[in-house]
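Hello,

Here is the structure we talked about handing over. Please have a look, then read the notes below.

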Amino acid sequence: MQCEEELEVYENGFEDGRFNLRVEYYGTDARKILLAIIYELYLPDYGKEYVYPFECAKEFWGISMEGEEVKGEEFMLGRTKFVNLSLLNRLEGALKKIEAPENLKKSILKELGKSEIYRLKDGIVALGKNFILDEGRRRLFIFNKPRARELLLRYLRKW
């Protein structure tokens, strides 16, 4: 669905030509996180009263959410001292359980060893150059710009 001149929202993500940003997710529902990112991107242009792209995406996805709920959190990560085979196997197992295109999974598997891996209370998170794999929430985010990673991390454990 076209929500703004350059913002297209689809079932599992969005693409914005203005910011040259594309974000997709696979696994458990992460549309609220994507909504928060859309809200943040367009807030400076629209102001807090009515952020049209946010409202449009909300309607398309059928999600009840207000702009006031969009408050990023500081995400404290404790990097693992050693990346061992056990951690990589857990992440590989989590990736296999997520419904995503096989070619995408294969490219993520190749990059897992190079990613930053963090332990959390409820699982492991791998931060790659263009992906975030969250074992605890069973989600995979794919994006095209490093800035998206920082935006995603602020909402990763909120919803």
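**The disulfide**

Cys 3 has a relative accessibility of 2% and therefore counts as buried, the cut-off for buried being under 20%. Please keep in mind that this is a predicted model.

The structure holds one disulfide. Its partners are Cys 3 and Cys 56, with their sulfur atoms 2.1 Å apart. The two cysteines join distant parts of the chain, 53 residues apart: Cys 3 sits in strand E1 (residues 2-4) and Cys 56 in helix H2 (residues 52-61). Cys 56 is also on the buried side of the cut-off, because its relative accessibility is 7%. The angle about the S-S bond is -75°, and the link between Cys 3 and Cys 56 is left-handed.

**Helix H5**

Which residues of helix H5 are buried? In this helix (residues 146-155) they are Ala 148, Arg 149, Leu 151, Leu 152, Leu 153 and Tyr 155. The cover over these buried residues includes helix H1 and several strands, among them E4 (21-27), E6 (116-120) and E7 (123-127). Strands E8 (131-134) and E9 (139-143) are also part of that cover.

**The tyrosine patch**

Helix H1 (residues 31-46) also contains Tyr 46. Together with Tyr 50 and Tyr 52, Tyr 46 makes a nonpolar surface patch of about 310 Å². Tyr 46 has a relative accessible area of 32%, so Tyr 46 is classed as partly exposed. That value also passes the patch criterion, which asks for over 30%.

Regards

Notes
Residues are numbered from 1 along each chain as its sequence is written. This is a predicted model: local features need pLDDT of at least 70, side-chain atom pairs count only at pLDDT 80 or more; totals for chains, interfaces and linings use all residues. Side-chain values use heavy atoms; hydrogens and water are left out. Patches are made of residues with over 30% relative accessible area and no salt bridge: like charges are joined within 9 Å, nonpolar side chains (Val, Leu, Ile, Met, Phe, Trp, Tyr) within 5 Å. Accessible areas come from the Shrake-Rupley method with a 1.4 Å probe; for residues, only the protein chains shown count as cover. A salt bridge is a side-chain nitrogen of Lys or Arg within 4 Å of a carboxyl oxygen of Asp or Glu. Helices (H or I, at least four residues) and strands (E, at least two) are DSSP runs, numbered from the N terminus. Buried means under 20% relative accessible area, exposed over 50%, partly exposed in between (1.4 Å probe, protein chains only). Contact means heavy atoms within 4.5 Å. A disulfide is a pair of cysteine sulfur atoms within 2.5 Å.
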